[in-house]
Amino acid sequence: MSKDMMAGFELFQPDTLQGAVDLLARYGDEAWALAGGNDSFDWFKDRVKRPSYVVDLTGLTELNGIREMADGGVEIGALTTLTEIENNSLIQGRYSILADAAGRVASPQIRNTGTIGGNLAQDARCWYYRYGVDCYRAGGDTCYADTPEGQNREHCLWGANRCVAVSPSDTAPAMVALDARMHIVGPDGEREVAAEDFFIGPDIDIERMTVLEPGEVLTAIRIPADWAGSTFYFEKVADRNTWDFALVSIAAAMVVEGGNISRIRMAAGAVECVPRRLSVVEQVVTGQPKNEATANLAGQSSVRGATPLNFNHFKIPLLQNLVTRAIRDA
Amino acid sequence: MAYKLIGSNFVPPDIRGKVTGSAKYAEDFRVDNMAYCRLLLSPIPHARVRSIDTSRAEAMPGVLGILTAEDVPAQPAPADPILTNEPMFIGQPILAVAAVDETTAHDAIDAIEIDYEPLPFCVDPLESLFPGGDDARTDGNVVDNRLTGPPSIRQMKWGAADFAAVNEGQLPTGEPAAEWSYGDIDAGFENAALVLDESFVTAGMSHHSMEPRSAMAYWQNGKCFVFGSTQSQSFVIPDLANYIGITPQELVYVAETCGGGFGSKGSAYPVMSIPAHMSKKIGQPVMMRISRAEEYYLGFARTGFQGRIRLGFAADGRITAADVYIVQENGATVGFPDWPSAGETVSILYQPPAMRWRGIAVQTNTPPRSAQRGPGHNQTVSAVEPLIDKAARALGIDRYEMRRINAPGREARFGENQAPVTSCYLQEAMAKGAAAFDWENKRALSGQRNGSKVTGVAVSQAFHPAGFAGFDGIVRLTPQGQLHVHTGIGNLGTYSHTGTSRIAAEVLNCDWENCVVERGDTRKNLPWNIGQFGSNTSFTMARTNYVAAMDALSKLKEIASIDLGGEPDDYDIGEHRVFAKADPARGLTYAEAAQRAIELGGKFDGHELPDDINPMTRESATALAGTGIIGVARDNLPITGQPAAFVAGFIQIELDIETGKFDIIDYLAVADCGTVIHPQGLATQIKGGGVMGFGMATLERHIYDPQNGLPGTVGLYQAKPASYLDVPETMRTDAVDEPDPQSPLGTKGIGEPVMGAGSAALICAISDALGGHYFNRVPITTDQIVNAAAGRDQSHGPLQVNTA
Ligand SMILES: Cc1cc2nc3c(=O)[nH]c(=O)nc-3n(C[C@H](O)[C@H](O)[C@H](O)COP(=O)(O)OP(=O)(O)OC[C@H]3O[C@@H](n4cnc5c(N)ncnc54)[C@H](O)[C@@H]3O)c2cc1C
C-alpha cells in the first residue's frame, strides 16, 4: 500500500551516455534509470519498487533536444521534456499530432519535468498493480483486476493475458501512427526498433511494457519524413481535462488526395497493453473517400474482437466514436 | 440598511501570508530538538492484531520511540480510536514510530512485524444488512450517530424478503434505525396524479484538503502545545484535550491557518493527538506530517447513500407526499449523521404536506466518514433534483415552475417537527436567477444539437442549516484606541473569521484600520465558540460579536456618564469617541474611556464577568482583565427558528454524446444568505462551491475493490476533484441580500448549499441533454454518459457502491 516515504538509495549522476550505460550494466536488476522522475518517484515513494542504485540520466545533454534529420524527419532526444515537444515549432509544423499528444499528458507541472523517454517507457497504471499487490505483473500469480468484481474500468479490451493493464502513454499512439523509430543504446551496442515493436504485451513479457532490457537506455526517437505535414487527428478522452490518464485515445496520420484517403496509420491508446495499431481500420479506409460513411465504417470495424471486462465495455462505443471522428473530423 | 463595513470587501489579515508563503500551517512549525513520527497503517480491511514485534525497529539507530494502542486513551466504541489493535479499514493507524527523521521512522516501520488475524469485512451496506452478511465490526454493523446522545452500535439484519426487488434496482427498505413522519402520507400518495418511486446511489467522496492533517506537539511548563490543522479553534480544545488526556486549561492550541477541511477538520480528530502522546513518551517535540496518500486513507470521506424516494405529485405539480429512505454507508467508525439531513432537505425544499423519513447508517470497512460540505443535504439534492425534473417532464410542467410551485416561502417549515425557519428567500433567489440567466429563452435551447454536441440547461436548488446560537464573544477596547476582536471560530479559509469580526467594529462604529482580529492561538485569549462548519459562522459569530460589542458599547456609555454626568443613554458614539448627544464636544475618546475602564476596574475592565459565559471564555477574559474595556457576553439573543441558507443554481452545458464529455457554458448561482457580509468572500464561496459540486456530480471517484477491500482512489489523480480545465472560466454569482431577522445585522451562512446547487444543476443538465435520461447515481462519470448515449447498460449493478 501507498507509503509516501521514499527509502534511501545510492544516486549516480553520470554526464556521459557510456557512463550511464556502464552503471546500469554494473548494477543490473538493482539499478534504475531516472529521467524526470514522474513515474519513478511514485514507485519509490510507495516503496513498491526499491532500487538500490539510481542512475540519473538528466545530466546527459546529448540526449536533449529536437533536431531536424537529413531526410526531413525529426530526431527527438529522449530527455526532451513534453513541454518542449508541445511547443516546438518543428514538431508543431510537421507532426502536430505529437505536439497535441504531448500537450495532453498529465498536467503542466508534469509536462515541464516529464521526458518523452520516460513517457514512452513508463510503467502500467493498473491501480491494483500501482497499489503494490502481488499480481502477475509484479511477479506474483494472480490478477486482481480481471475478476468478477474487479474494478477494471480503465483496463483493456484486447490482449488480456494474465494481465489486463493498458498502455498509459499519450504519446505512444502518436509515435506508432508516425511510425517512429526508437534508438536504443545498451551494453551490447545500439539498436533501432519501430515504435510498434517497442511496446510489448504480457504475452511477451508480463513484467515489462517495452523491449528495453535492463541496462539499455532509450536515447532518441526518430520520426521519419513519410508523414510530415500529413493530415492528423489526435484525441484523448479522460474524465478530467487535465491531470488524468486516457480512458481511450486515438492517433491517426493520413494522406488525403482528391478527397480519398490514400495512406493512413492509426493507433489507439488505453485499450490494450500496447498502443493498438488499428490495421483493420487502415485497410477498411485506404482508398476510400474521406466522408461520413467511411468514418462510420471505420468506427464499426475498429472494435471488432474487443473483449470487455466487467466495468470497461463503455470503451467499445468510445473507441468506435473516436475512430469515426478521426476519419470524419481530421 | 447601509452599513459602514458590512457588505464591503476588505483585505483579510491572513491573505498576505497565504500569498507570500509566510503563513504557517501545522507542518511549517519548527522547534529545537524536534523528532518526527510516522504511522504504521493497517494493510488489511479488518483484522485483530495478535502480536507486534518491534525488536528490529527498536534496535535501529535513530529510532526514538514507539507508541501503540496501549499507550493512548481508548475511545468509546464506535468513536475513531487514536491507535488500534483491531483495524477496521485499510490505512487505519496501528502504531507510531518516532525517529530523528522521517525516513528512519519509516524504515523502522518496515522492520516491525505484526501478526494479524484477518476478520470478515464488508464494503457494501446492503451486503451487511442481508441475513448472514458480514459485519464491518465485531460489535455490530449499525451505528446511531444522530447528535441526540452518545453514539451507539448494534447489530441489525433484514429479512431475505426485504431484498426481493433488489435485482430490479429497488432499494430494500427493511427495519430502519430511525424514522419520523408527519401528515397523512397514504392520502398524499392516493391523491397524487403521479407517483415516482426511485432508488439511487450517491458515492462517498474524499475531502481532498490541500493541507493534510499534520500536527506537531511538545510539552512545556505543564502545558501541552499542539500545532494542528483544523477548521475550528476553540471548539477543538475540549475534544483534543480529552484525546491527549489533559484538561482544556492544560492545552495550548495553535491553528492559525488551515489548508482546507471541507468538514473533515471541523473538530478535533484522534490522530492529531498522536504527536502529543509521542512527545510525552520520548521527551522531545514531535512533528507528524501526514502525506497526501495517508490523507486519503485516514483523512475521512463523505458518507455514501443507497436511497429510495417516493414522491407524489398533483396534476398541477404540487407535491402531495414524500417518503424517503436512506441506507448510509458510514465507514467503520462513528461516521456522521448525513442520513437524517436527507429527510430534512426534502422537507424544506419541497414543503411536502405529508412526509416520512426513514434511515439506517451501516458500517463498512472503508475510510472513516465525517461531515463533508453539505453532509446529507448535497447528496440529497444531487439525487432528488433530477427527479423533480422527471416529474416536471411527466406532468408537462416547466422545470423552473415545478420548483417554484413547491418552493418554501416565508412560512417555510422544516423537518420532523415542522419547525419554522429564521428566514427563507429561496423563491426570490430563484426569480433573480431565472431573470439573470434568462431561463425563459435558455430553456428553449434544451436538446439543441450541434454536431455531436447537445445543449442541456437546468435549474437547481440547495439548502443547508445556517447557524447556531448560545456561544460567547469577547471584544476589547485598548488605551491605544484599538478594537481587538477575539474570535475563537477558526480559519477554514473563507475569511469569515474576519468578516464576522467586522460586526463588532460596525456596532462600535470603528474604523477598520483600528481593529485587530485576535485568532488562531489559545494564547490570544479566545472565547468559547462553535466550530467553523455547518455554514454557521456568519450567523452564530454575528451574534456573539454583536453581543460582546453591545456590552462594550454599554460600558463606554456608562463610563462616560460616570465621568461626564447624566445617564448612559445620554451618550452616543462616533469617530472612536463616546460623546453627549446634547453636546458632542463633551466626550471621551475610546482610548480615554479604555484607560478609565482600567482605573474603574470591576466589570469595566474584565475583573468582574457575567455568570453565564463558558469557562473557556471566563479564563480568556480573566487573562485580558485590566487591559481596557472588556466587552464579553454570551449570545442570549432570542432565536425562534432554524437558520436556513438556500441557493438557486442555473446552468447551460454542451454534452458531446460521442465522448461523454461536456463543457459548462454558463453557470449562475444566487444565494439566500441574509445580508451580504463580504461580497468577495460570497462570490468565492459560490464559485468554489460550484466547482466542488461539479466534481461531486461528475468527476470524483471513490473506488473499493469488494473482494479485497482495497481502496482504488488514494491520490489526487485517482480521486479526481475537478481541475481548472473542467470548470467554466467565468461563473456568475448574486445574492438576494435580504436580512435574516434573527441575526443582529441580518447575516447568515452559505458555505455548503453552494456546492449542492452546482452538483444538482450539472446532473440535471446532463439528464436534460440526454433527453431526460436519469442515472439515479452520483457521480455520473464519463463511462456512464458514454453508455447512456450509446443505449448500453451500465457496468455497475443498480445499487452497487464504491464503483465510481
Ligand atoms: C499524476 C500523474 C499523471 C500522469 N498523467 C499522465 C497522462 O495523462 N498521460 C501520460 O502519458 N502520462 C502520464 N503520467 C505518466 C508519466 O509519469 C509522465 O507522463 C512522464 O512523461 C514520465 O516521464 P519522466 O521523465 O518523468 O519519467 P521517469 O519517472 O523518469 O521514468 C519513467 C520510466 O521510464 C524509464 N526511463 C526514463 N527515461 C528513460 C530512458 N531514456 N531510457 C530508458 N528508460 C528510461 C525509467 O527507468 C522509468 O522506468 C502521469 C504521471 C503522474 C504522476
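In this predicted model, strand β1 of chain A is joined to strand β3 (residues 53–56) of chain A by three bridges, and the two strands run parallel. One of these pairings can be located by residue: A:L11 has A:V54 in β3(A) as its bridge partner. Both strands belong to an open sheet of three strands with parallel pairing, ordered β1-β3-β2 in chain A. The edges of that sheet are held by β1 (10–12) and β2 (31–34) of chain A; each has a single partner strand, so one side of each is left without a neighbour in the sheet. On average, and with direction ignored, neighbouring strands of this sheet are turned by 25 degrees against each other.

Chain A also contains an open sheet of four strands, in which the order is β9-β10-β11-β12 and the pairing is antiparallel. Its edge strands, β9 (231–237) and β12 (276–277) of chain A, each pair on one side only. Within the sheet, strand β10 (residues 248–257) of chain A and strand β11 (residues 260–269) of chain A run antiparallel and are joined by nine bridges. Among the paired residues, A:E257 has A:N260 in β11(A) as its bridge partner.

Helix α5 (residues 96–103) of chain A touches β9 and β10 of chain A, and its direction makes about 15 degrees with that of β9(A). Helix α13 of chain A lies across β9, β10 and β11 of chain A, running at about 25 degrees to β10(A).

In chain B, helix α18 (residues 679–699) and helix α20 (residues 753–769) pack with their axes 6 Å apart and at an angle of about 45 degrees. This angle makes α18(B) oblique to α20(B), and the crossing of the two helices is right-handed. Residues of α18(B) in the contact include B:G689, B:G690 and B:G693, while those of α20(B) include B:G756, B:A757 and B:G758. The contact of α18(B) with α20(B) has 10 nonpolar, eight polar and no charged residues.

Definitions and conventions. Residues are numbered from 1 along each chain as its sequence is written. Chains are lettered from A and ligands numbered from 1 in the order in which they are written. This is a predicted model: local features need pLDDT of at least 70, side-chain atom pairs count only at pLDDT 80 or more; totals for chains, interfaces and linings use all residues. Axes are lines fitted to C-alpha atoms, for helices over the stretch in contact, and angles run from 0 to 180 degrees between N-to-C directions. Angles under 35 degrees count as roughly parallel, over 145 as roughly antiparallel, 65 to 115 as roughly perpendicular and the rest as oblique. A crossing is left-handed if the near helix is turned anticlockwise from the far one by less than a right angle, and right-handed if clockwise. Two residues are in contact if their C-beta atoms, placed from the backbone, lie within 7 Å. Ala, Val, Leu, Ile, Met, Phe, Trp, Tyr, Cys and Pro count as nonpolar, Asp, Glu, Lys and Arg as charged, and the others, Gly among them, as polar. Two strands pair if DSSP finds at least two bridges between them.
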